[in-house]
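Subject: Structure handover

Hello,

Here is the structure I promised to pass on. Please open it alongside this email.

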Amino acid sequence: MVFLVAAQNDMTDSQNMPEIIPAGEPLPTAPKTRAEMLLEQGVALRQAGQTEQAVALYREAAQLPEATPVVFFNLGNALFDLGQVLEAEAAIAECLKHAPVMEPALMLHARCAVRLGKEGEARERFAALLRLNPTHFSGWLEAGNLCRQMGLMDQAMMSYRQAVASGPDRWEGLLSRSEE
């Protein structure tokens, strides 16, 4: 039988011996926190199309001290889908306090600003996302759409060119769907 050493410590006395786990056996895991369990249940509800019920679980998880940025992201995303954009923006802002480079949260934060008519903030938020990931196709595309809405055609064209350069295969997919 093969064994793995799970922890390497000073092995001069028996109290510091490493834990041995048989190879092929699952590693022991810490029990899930209440927030993690609520998050998992919320995700299952969202997948079943029960967004309002998922929001209730995400809100409960967000109140717990062990709530992670993922809890706040999922809460914000679900609220956004329900059209509760101000609340979504607040949840995403909380997520970004703890995970400032979470790309999906940066994108959703920009989308919230667009929906709320905060064009200047939206442009800043898209710019922050695109500084972090200069090849973010959707970020460039939506930044271009915002610039077009604002009448900034040169910036819109530049954003669309960046979108094409960052994901030509994705651009072609969009064009083929629009022709159907």
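The model is predicted. The protein chain has 180 residues, and 33% of them count as buried. Its secondary structure comes to 9 helices and 2 strands. Along the sequence, the pattern reads β-β-α-α-α-α-α-α-α-α-α. Among contacts with a separation of 6 or more, 40% link residues 24 or more positions apart.

Now to α3. This helix covers residues 69-81, 13 residues in total. From first C-alpha to last it reaches 18 Å, close to the 18 Å expected at 1.5 Å a residue. The buried residues of α3 are V71, F72, F73, N74, L75, G76, A78, L79 and F80. What covers them? The cover includes α1 (34-47), α2 (51-62), α4 (85-98) and α5 (103-115). After α3 comes G83, with a positive phi near 85°.

Next, the pairing of α3 with α4. The two helices pack at an angle of about 160°, and their axes are 8 Å apart. An angle over 145 degrees counts as roughly antiparallel, so α3 is roughly antiparallel to α4. The crossing of α3 past α4 is left-handed.

On the α3 side, the contact is made by P69, F72, F73, L75, G76, N77, L79 and F80. On the α4 side, V85, E87, A88, A91, I92, E94, C95 and H98 take part. By class, this contact has 11 nonpolar, 3 polar and 2 charged residues.

Best wishes

How values were computed. Residues are numbered from 1 along each chain as its sequence is written. This is a predicted model: local features need pLDDT of at least 70, side-chain atom pairs count only at pLDDT 80 or more; totals for chains, interfaces and linings use all residues. Side-chain values use heavy atoms; hydrogens and water are left out. Helices (H or I, at least four residues) and strands (E, at least two) are DSSP runs, numbered from the N terminus. The expected span of a helix is 1.5 Å times one less than its number of residues. Buried means under 20% relative accessible area, exposed over 50%, partly exposed in between (1.4 Å probe, protein chains only). Contact means heavy atoms within 4.5 Å. Axes are lines fitted to C-alpha atoms, for helices over the stretch in contact, and angles run from 0 to 180 degrees between N-to-C directions. Angles under 35 degrees count as roughly parallel, over 145 as roughly antiparallel, 65 to 115 as roughly perpendicular and the rest as oblique. A crossing is left-handed if the near helix is turned anticlockwise from the far one by less than a right angle, and right-handed if clockwise. Ala, Val, Leu, Ile, Met, Phe, Trp, Tyr, Cys and Pro count as nonpolar, Asp, Glu, Lys and Arg as charged, and the others, Gly among them, as polar.
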